[in-house]
Protein chains: 2
Amino acid sequence: MTETRLDAVKLDGAGPVYDQIRRAIRDLVVSGEWPPGTSVPPEHALMEQLGASRMTVHRALVQLAREGLIIRRRRSGTVVATPPASHAMLDILSIPEEVRQLGQAYAYEVLARTDSRPSPEVAELFGLKRSDKVAHLLVLHRADGKPHVLEERIIHAAGVTGLADEDFAVTPPGDWLLQHSLWSQAEHAISAVGAGEEQAALLDIAVGEPCLLVERRTWNQSQPVTAVRLLYPGFRHRFVGRFGPYGAA
Amino acid sequence: MTETRLDAVKLDGAGPVYDQIRRAIRDLVVSGEWPPGTSVPPEHALMEQLGASRMTVHRALVQLAREGLIIRRRRSGTVVATPPASHAMLDILSIPEEVRQLGQAYAYEVLARTDSRPSPEVAELFGLKRSDKVAHLLVLHRADGKPHVLEERIIHAAGVTGLADEDFAVTPPGDWLLQHSLWSQAEHAISAVGAGEEQAALLDIAVGEPCLLVERRTWNQSQPVTAVRLLYPGFRHRFVGRFGPYGAA
DNA sequence: AAGTGTTATTTGCATATGCAAATAAGCGCC
DNA sequence: GGCGCTTATTTGCATATGCAAATAACACTT
């Protein structure tokens, strides 16, 4: 789709040529300089511009394709791939999808939203300055009408565009962010906690009921983007994964 | 180390040659026919035996090496790799290691062991016949003296050798199994539950205290090997993982 | 025995060449 | 316009060749 400036691909002279090419292109992709959909120059052009043989360029591109960064098709050429939505077993990025895959009807409601400065705890947790603007959200997701998961989210306004104008009436924040922000790093933690009073009321469970707590923080180039705490009633929830000794299946 | 019979490598004629070679060797490795340490024939030999060019053989081997199935070194040749112990964030296979990485002293005790037939529930859970022999184990792992995790394990006697003679006095069952059994598939699930009466007593927590429950089942070529339930007191536990949009970091 | 240098084996990398397969784009024809 | 044919572009695959780098094995010296 988009054009690419050929001279953006620069080798650094370190290590094998094919790997230099691979890294150079990978960096352009992960840095966002070549966003998804960007068309990568054909092997021919790269070959000339880089002074390498086609097979060498080919090798780099084939490897990037195997890693999922680019998609190659004969005659159409090579384009930057849109990152796969989901990854490992815990990489549940879209709650609507998660619910629908269980064969249940999905719904959600935004219970509260405040746009302000971060509280000291939030700033601490997330490495923010007190002067940064953040949005605070409390969202309840429902499956077949019943409370499914309680989402508490902080969004760093500087990391995304159009946050102020979005009211999350049609798209829950998690899904909206996938489309309106970039991320390069994420971290999540899983633990078990008892439901607090307020939480129990919202989730329609007993106080102290064991819940699975998933906390995820996301950055883009070391800039905080969002942090979220997902509280799942434990008794009706499990995260399942399958794998083999040589990798996920 | 071990010799390899060259004629074990057989192509199936489906798809690109380099991929046939890759799959052929991969199958030999994952099936256990070429156990870790086995030396893979040099490119030269494979090239002759398969009637392919060296570069084609090379391509297959390089890819297998990248996937971690084999290890290649100049002059020494290529050997089958020993599978990496740990994989994704949840793939905590060795509890001793897990504890030591937290900088705490590790200890464990086998609280109970019974060798018998599976109960109906166990047979169900694990797809066993009532006539199969299984060992039942209850193990408490401690970190710095304090209860760390409660392990309840079932081992299918047919899947491992030397089970009857092992008393798990020096090595906890999880680690022992890593050395005495093969596995090709695993599945695990995470959920949150409240501690039962017995469990709470053993873990030295209150009844109903939220705990993280990790259940893992392991097979070898669709033969059950072991199933384990790990109960972690939730408040002092979190599983953490880091990753990027294009894979784990 | 211990170090020292040499050689042979094996993998790693890059290139050039040729053909095959997929398919987007263009063309001509109704 | 829509349909079918041809063509040009781009990637996919396999081969042959040559050299470089690492290093195990061996021979040699002290």
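Helices (H or I, at least four residues) and strands (E, at least two) are DSSP runs, numbered from the N terminus. Covering is a matter of contact: two residues are in contact if their C-beta atoms, placed from the backbone, lie within 7 Å. A residue counts as buried if 20 or more other C-beta atoms lie within 10 Å of its own, as exposed if 12 or fewer do, and as partly exposed in between, again with C-beta atoms placed from the backbone.

The model is predicted: local features need pLDDT of at least 70 and side-chain atom pairs count only at pLDDT 80 or more, while totals for chains, interfaces and linings use all residues. Residues are numbered from 1 along each chain as its sequence is written, with chains lettered from A and ligands numbered from 1 in the order in which they are written.

Back to α1(B): the buried residues in this helix are Q20(B), I21(B), R22(B), I25(B), L28(B) and V29(B). The helix holds 14 residues (17-30) and reaches 20 Å from its first C-alpha to its last, close to the 20 Å expected at 1.5 Å a residue; that expectation is 1.5 Å times one less than the number of residues. Just beyond the helix, G32(B) takes a positive phi of about 90°.

Now look at chain A. In α1(A), Q20(A), I21(A), R22(A), I25(A), L28(A) and V29(A) are buried, and their cover includes β1 (39-40), α2 (43-50), α3 and β3 (77-80) of chain A. Just after this helix, G32(A) has a positive phi of about 90°.

A residue is near a strand if its C-beta atom, placed from the backbone, lies within 6 Å of it. Around DNA strand C there are 22 residues, of which V17(A), S53(A), T56(A), P42(B) and R75(B) come nearest. Two or more residues come from each of α1 (17-30) and α3 (54-66) of chain A, and α2 (43-50), α3 (54-66) and β3 (77-80) of chain B. The largest share, three residues, belongs to α3(A).

DNA strand D has 22 residues around it, with P42(A), P16(B), V17(B), S53(B) and T56(B) nearest. Here the elements giving two or more residues are α2, α3 and β3 of chain A together with α1 and α3 of chain B, and α3(B) makes the largest contribution, three residues.

Further along chain A, helix α6 (residues 173-180) has P173(A), G174(A) and L177(A) buried. Viewed down the axis of α6(A), these buried residues fall within an arc of 100°, so they line one face of the helix; the arc is that of the directions from the helix axis to the C-beta atoms. Among the elements covering them are α4 (95-101), β5 (134-143), β6 (146-156) and β9 (223-233) of chain A.

Finally, visit the largest nonpolar core, where a core is a set of buried Ala, Val, Leu, Ile, Met, Phe, Trp, Tyr and Cys residues joined through C-beta atoms within 7 Å. Of its 64 residues, A192(A), C211(A), L212(A), A192(B), C211(B) and L212(B) touch the most other members. Leaving aside neighbours within four places in sequence, A192(A) has contacts that include C211(A), L212(A), A192(B), C211(B) and L212(B).
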